[in-house]
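Let's take a look at some pockets and some aromatic rings in this protein. Have the structure open as you read, and click on each residue as it comes up.

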Amino acid sequence: MSHTAHLRGTRTAAGCTLVVIALGAGVTACGSDGHPLSAEPYDAAELIAFNGPADTGKKVEPDKPLEVTADASEGRITDVTAMDAAGRRVSGELSADGGRWHSTSPLAADAHYTVRVSTEDEEGAPGRRVLTFDTGKPRAKKRLNAAFGPVAGTYGVGQPITADLNQPVRDRAQRAIVERGLKVESTPTVEGSWHWVDDKKLHYRPKEYWPAHATIRVRSTLDGIKISDHLWGGPAKPLKITTGDQVIAVGDADTHRMTIYKNGKEINSIPITMGKSGFETRNGVKVVLGKEYFVRMRGTTVGIAEGTSESYDLPVYYATRVTWSGEYVHAAPWSVGDQGSANVSHGCIGMNTTNAGWFYENVREGDVVQVVNSNGKMMEPFGNGYGDWNVDWKKWRQGSALLVGNPEAPGSKETPRLRPTAV
């Protein structure tokens, strides 16, 4: 036993003697039932070392991993937690023999860290050391900023979360760093994932639609985090949105009706007309993008030459937009005779003015509009609105840089902080 350990043992024995004297004959307990783990942790300063600067006031380079080691002759590390003043934890791995812990996620620049190290000596007595240090400023000047969408408010259960980056990120390992730093938390909790749409845009959605009346908070922990040698994370404004009732409208091109469900119960069934041959309405799930009381619709905006037999220029009321290319659910008084029996539109979903007004008043941005049995092509996943829900969950997860089980995904096999097996 080392001299330090011997002194600890001597102090413990003395403490035991005092307890016996105070409590009288027959008391044999020492500490708390004599169990080494019940004793107050000893100061493990002599046992623990880390790779930070020894000089007070000198800062740690944030692009270097943090390493904590133990003197094997004195004991071993059992647990390490590292956190900065903003509450960002540093993940890490502990060797099986408890001799070394190293960080597996980057440190933030210009941050203050507290590292709490738990140990045990060769007799199993617990020890503790608390380390603090500051990191320096990043060397690179280029910052990665993220802007979250949509704007704060209440939305339907189909609304995806978006993150627009001001710099492209192409490398998968760098994408993993970015993705770990973009936090989405919902109440109630649901399973969800980011999906890289392109080098500068991500979408986040749950496996299923958001629950009704959920609260969703989005934030970034990338500020000061190294992403590459020339790019560091910058600040981002957090976002909070809520969801309303679950409203799902299903338009059937065969039956020429739209059925609207609220929280799983049918609340209306409306005669409609959809796109005719050559102008078929897109199949699949779409998300309400916005509502416009009045829109002037022209055939030229969708490639129809002015003056041809298909040309049109119409005032349209109660227009609920579902694609950026011009698909709406709207009032179409000129086709009332065909609504419920034939598809005669140029791709929109038309209904009489009373029904269109009801629909307009009873849906919000983020509500779901699903088209079935149309001869049109499938709604695009991205670029023409929110077609995110037309991507099955397995494929959606493949768009994440953190896909669990993918050996190419950095961090996919992150090791939990566990007490090492005795050796």
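Start with a lysine: the charged end of K291 sits over the ring of Y360, 4.9 Å from the ring's centre. Keep in mind that what you're viewing is a predicted model. There's another contact of this kind, where the charged end of R205 sits over the ring of W396, 4.9 Å from the centre of that ring.

Now stay with Y360 for a moment. Is Y360 buried or exposed? Its relative accessibility is 13%, and buried means under 20%, so Y360 counts as buried. Y360 also belongs to an aromatic cluster, together with Y293, F294, Y317 and Y318.

How many aromatic pairs does a search of the whole structure find? The search turns up 10. Here are two of them, described by the distance of the centres and the angle of the planes.

| Pair | Centre to centre | Angle between planes | Type |
|---|---|---|---|
| Y209 and W389 | 4.7 Å | 65° | edge-to-face |
| Y318 and Y360 | 5.5 Å | 65° | edge-to-face |

Why edge-to-face for Y209 and W389? Their planes are at 65°, and angles over 60 degrees count as edge-to-face, so the pair gets that label. This pair links distant parts of the chain, 180 residues apart: Y209 is in the loop between β15 and β16, while W389 is in the loop between β28 and α4. Y209 is partly exposed, with a relative accessible area of 23%, whereas W389 is buried at 12%.

Sorted by class, the lining of the largest pocket has 13 nonpolar, 11 polar and 7 charged residues.

The second largest pocket has a volume of about 590 Å³. Its lining has 28 residues, and E179, R180, G181, K183 and T221 are the closest to its centre. Which element supplies the largest share of this lining? That's α2, with 4 residues; β13 and β14 each supply at least two. By class, the lining of the second largest pocket has 11 nonpolar, 8 polar and 9 charged residues.

Methods:
Residues are numbered from 1 along each chain as its sequence is written. This is a predicted model: local features need pLDDT of at least 70, side-chain atom pairs count only at pLDDT 80 or more; totals for chains, interfaces and linings use all residues. Side-chain values use heavy atoms; hydrogens and water are left out. Ala, Val, Leu, Ile, Met, Phe, Trp, Tyr, Cys and Pro count as nonpolar, Asp, Glu, Lys and Arg as charged, and the others, Gly among them, as polar. On a 1 Å grid over the protein atoms alone, a cavity is a set of points where a 1.4 Å probe fits but cannot get out, and a pocket is an open set with protein on both sides within 12 Å along at least five of seven lines; lining residues have an atom within 4 Å of a point. Grid points are joined across faces, edges and corners, and a volume is the space filled by probe spheres set on the points. Rings of Phe, Tyr and Trp (its six-membered ring) pair if their centres lie within 6.5 Å; planes under 30 degrees apart count as stacked, over 60 as edge-to-face and the rest as tilted. Buried means under 20% relative accessible area, exposed over 50%, partly exposed in between (1.4 Å probe, protein chains only). A charge sits over a ring if NZ of Lys or CZ of Arg is within 6 Å of the ring centre and within 35 degrees of the ring normal.
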